[in-house]
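Please have the sequence and the structure at hand.

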Number of protein chains: 2
Amino acid sequence: MSNPHKQHASAAEAKITIEFPDSTKKGYPSGVSVQYIIDNDLKRFKSDALVAKLDDKLVDVFVPLRKGGKLKILTFNDKEGKAVFWHSSSHLLAQAVVELFPGAKLTIGPAVEDGFYYDIDHEPFTQEDMEKIEKRMREIAAKDYMVERLELSKKEAMRLFGTNEYKLELIDEMQDGEISAYQQGNFIDLCRGPHIASTGLIKAVKLTKIAGAYWRGNVKNKQLQRIYGISFPGQKMMDEHLKMLAEAERRDHRKLGKELEWFTFMEESPGAPFFFPKGTVIYNQLLAFIREEYKKRGYQEVITPLMYDKSIWITSGHWEHYRENMFTLKVEGKDFGLKSMNCPSHLLIYKSKSRSYKDLPLRIADFAVLHRNELSGVLGGLTRVRKFIQDDAHIFLAAEMIDDEMNKVFDFLNFIYKDTFNFELSVELSTRPENFMGKIDTWNAAEDTLKKALENKAIKFNINPGEGAFYGPKIDIHVKDALGRNWQLGTIQLDFQQPERFDATYIGQDGQKHRVVMIHRALLGSLERFIGILVEHYAGKLPLWLNPVQVKILTVADRFNEFAQKVKEQYEAAGIRAELDDKSESISYKVRQAELEKVNYVLVIGEKEVNSNTVTVRWRDSANPRETSVMSPDEFMGKALDEIKARK
Amino acid sequence: MSNPHKQHASAAEAKITIEFPDSTKKGYPSGVSVQYIIDNDLKRFKSDALVAKLDDKLVDVFVPLRKGGKLKILTFNDKEGKAVFWHSSSHLLAQAVVELFPGAKLTIGPAVEDGFYYDIDHEPFTQEDMEKIEKRMREIAAKDYMVERLELSKKEAMRLFGTNEYKLELIDEMQDGEISAYQQGNFIDLCRGPHIASTGLIKAVKLTKIAGAYWRGNVKNKQLQRIYGISFPGQKMMDEHLKMLAEAERRDHRKLGKELEWFTFMEESPGAPFFFPKGTVIYNQLLAFIREEYKKRGYQEVITPLMYDKSIWITSGHWEHYRENMFTLKVEGKDFGLKSMNCPSHLLIYKSKSRSYKDLPLRIADFAVLHRNELSGVLGGLTRVRKFIQDDAHIFLAAEMIDDEMNKVFDFLNFIYKDTFNFELSVELSTRPENFMGKIDTWNAAEDTLKKALENKAIKFNINPGEGAFYGPKIDIHVKDALGRNWQLGTIQLDFQQPERFDATYIGQDGQKHRVVMIHRALLGSLERFIGILVEHYAGKLPLWLNPVQVKILTVADRFNEFAQKVKEQYEAAGIRAELDDKSESISYKVRQAELEKVNYVLVIGEKEVNSNTVTVRWRDSANPRETSVMSPDEFMGKALDEIKARK
């Protein structure tokens, strides 16, 4: 097959100016393709360019440029480059399907967060069909078809897709003059693009699952076959991805939660976890950790009701904007709502007495149970629940205190994420939206304060311009876990609005009433979600201070049980969570059991240990799993207590 | 006026036999009155007999006895004697009202827990009216009218009360031959009695309040004036009672809760307390106390959902029997209920895996938030709430373990009430009712076990025969507070039924499935209620370990603030809740403030203290309020920490 891309570079008539990322500029003949520019002036992208961005518009690298602009080459490392790659992979899938199943009717096939899918009108595909399709995709990729963009009139498009009612429905909704299709080999699909330059760039492909889906998501329409897949520009990336998936499955907190008897879900209460005794230890340790910090950092805990009269939700605006996310009920003929957040409770407490500037900042913390009416369909383990608690606090302060207080909040944030859990932390700072409330000066000052404080505390941040809530700038806390997955956790928000709605004030130094400012902050966020992510991050191998069973003492034979029992009791009295395995099993079996339970320290006690008053210690996280050390029970206790106290 | 009682003793014809409480017996002529027996053979009751009990029936002391039986003389010290006294006092009230307000129509006038009332059809009485009525009551009492019982036919009764439609309605519902009235002076009231022998026994009387009430409690009927009063057979008792009332008002936990900023209620969430930071300290200290004991006593804490699908409430029987006490709501078209108790949650956890006899007793503890749909009209401070938590646990065990486990539970009970809080503890044991479930042998054994264990642990108990729940015998925990008031707190219940409903079993030593037995137990009961009672019991002067502010450090002048601040920080680091009052106020003012805040220890720091590195300590509970002692800051810290640790 001829290469339709070649012609573009020579089709020049007029001049266009291209600006490169380093701000240098260069003139090219109009009609030049990005591929030509790469081949001549951006050779470092030669092997991995997928698509380009001209000013803010994505463009195919093989299409003639008629005007200049700022050019950026996108590769698989760019989010948008990856999406185009996966979109092209869905065309590859579609081509394979129609070649193998000529009766199949294509509908739409987008890229998604983790690959791509194509919805196809066809009877259900078998596992064998799927393997055939996957094989054919590899064959088509290997043929390295050039991809070409076709601009079509509505009439031409109608003729081209005349036997496919889905495509006709789509074309019918399009504007004449704005219709395009992409061709690779004999395969043509209606598509607005852009696409990668040739099928050969797709070096590895895998179909991952098949599911039913309705045309346009409407259950009244015909059910289609949705085939999901994933692809990469290199086999090594595919191997790594598959390894990561297997690892993620191995670490799945729902699976580990059950195996380790930490927590589970039951159909009697959808979306609300049951924490077994061991899981409750983790939960309560996290609470104790946060409470300890609260004490040091001047936060005051309160206990508040869960159910409130509608009137308060009207004042807060939740009744209007958030009602469908709340559980509501009638009591004695009146509407009540189960709280989904603590702010209104804390505003009531704030307003329960007159406040002076001397009382500020007032930091009110609460571990009240929250409920959100998530659809049962979207509930997923601990990461999306209906019932949860947050390490929630609201800080009431004067506007001039924001600077100082934000530094304290970020300090707390670093202490939790960097110092304690060693997570890779970053935040998204969302700034003033168009429909903001309050004064522009306050916003500017607040945003500057936040940026300075983030820099000050060396916290990585991205800015989402205009994405803040209308009531104040907003910070979302993100972490990368051990598998490199990104999770959104807690939040820090400045709020100029709720104090307005609730008329919350303080008496300033001038003796006058002033509007108070409010900071919403939950650093772990939902404890349930945080635990779910912790479990996956550590693959269940929790740090000592959090582990429900910290030490397991194993006896080599029954006659050492008495000694072991004494050691266990000594440890328990000191606050160490120790278990004794005195069953009549082989020591290797017992060690294996303790390993499955992900206990931090296994202490073996036999003849030698009893005679010398020692314990033989195996550390779960040792680089050499066979390594042991021998020490007195007291020495081990001292070391364990230090490690627990350090929360490392 | 002649004494109508005198004749009875001589109207004898046949013989009747009276058995005295010491089991001796004596014959009397039929028609003898109890008064005659007292005058001749039970002279010790002469001055305080109010009414008598013949076998199980209450009888007037002045009415001729036609048959013999076991006789007991009741005085004001007996619950039933007191009730009769107050009932007679309501007649005294009624007589005074109709003498002063001839148009007033009497309806009914019973004794209540704390005195008596009479509902009267009349326009609202003024404060002046009330004073007049009270005065007239004293006058009538002083006239010492003899009380006489009249047996009336329905016709006679109708004629006698012909102008009072309320009495006529009552007479209409009575059986002819069973109608009686009581007369004192010219005043006659329809009444089944019994009554005290004369108005002169009422030595002290006080009307306490007036309220509206509907005839027969039905809002559709006419509103009546309900006059409440209290009376005693001696002025000294009245004085003591009034003193107790004033003291109870002073100690009212709702009042103290607000004054001390411990907790409050808000109309936005009726019946659900808000605990301020200081109240939350009390709450969390109680939780920590119970958790510490749980650890020692082998209880395992879990965390469970609050909202459950209807199906579980049907299984537990709550949907049928308790639904109106629960908050219910619809979620995605299904019925859900907010839990009012933890048993179903714990049965689900119990059943989440197979259990062996080796796992028993399994003690599952939970501090989940509970909700009960109490009518807004009956909500009262912390003692009756809609939202609360309990120190709730369910113990799953084999029937043969009940004995041993109950001893442990009672030991725990004694530890809390006797050893820690020094309450006067007693329990009510309610035994097998007629509609019991399970085997009679199991019940008998269980009841015997409970009695033996209670005796064993020296816990005072009353038996309420046949008053147990149908699913098992039941123990209610009662305490007497510092004002001698009786409060019902926690509960201990054996349950043979829920394990049946939920099909909860264990594998016995024989390898067979057996039905497990369940103990419901909450020793403090509702934490909210317990805190309310504690506050009143201690009049807000909480023991050191529970007090939100344990130590208050006062400086005599600003130049001692630095020293005081260091002492405060040292104490806080050691876990003592210390506050510093460094305001520029006089020391006597500061001491007075600290006293109002009911702080346990006030430490004064001035010139002398700074120079000698000491603190001058005033103890809140010292017999001599001016007593102080001087010691080093370290010495005081040691003492305080010991006291906190001892929880005394």
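With which residue of chain B does Glu332(A) form a salt bridge? The partner is Arg386(B), and the closest N and O atoms of the pair are 3.4 Å apart, where a salt bridge is a side-chain nitrogen of Lys or Arg within 4 Å of a carboxyl oxygen of Asp or Glu. The model is predicted, so that local features need pLDDT of at least 70 and side-chain atom pairs count only at pLDDT 80 or more, whereas totals for chains, interfaces and linings use all residues. Residues are numbered from 1 along each chain as its sequence is written, chains are lettered from A and ligands numbered from 1 in the order in which they are written, and side-chain values use heavy atoms, with hydrogens and water left out.

**Interface between the chains**

- Chain A gives 46 residues to the contact and chain B gives 46 residues, contact meaning heavy atoms within 4.5 Å.
- About 3900 Å² is buried between chain A and chain B, with 66% of this area coming from carbon and sulfur atoms; buried area is the accessible area (1.4 Å probe) that two parts lose on being put together, summed over both.
- Of the area that chain A buries against chain B, 17% is supplied by Glu268(A), Ile303(A) and Glu332(A), which is more than any other three residues supply.
- Between chain A and chain B there are 4 salt bridges.
- The elements that give two or more residues to the side of chain A that touches chain B include helix 8 (277-296), strand 18 (328-331) and strand 19 (334-338) of chain A, with helices (H or I, at least four residues) and strands (E, at least two) being DSSP runs numbered from the N terminus.
- Helix 8 of chain A provides the largest share of that side, 5 residues.

**Relation of the two copies**

**Local backbone features**

- The peptide bond from Gly193(A) to Pro194(A) is cis, with omega near -5 degrees, and Pro194(A) lies in the loop between strand 11 (187-190) and strand 12 (204-214) of chain A.
- Leu360(B) and Pro361(B) are joined by a cis peptide bond with omega about -10 degrees, and Pro361(B) lies in the loop between helix 11 (343-350) and strand 20 (362-366) of chain B.
- Asp503(A), a residue other than glycine, has a positive phi near 50 degrees.
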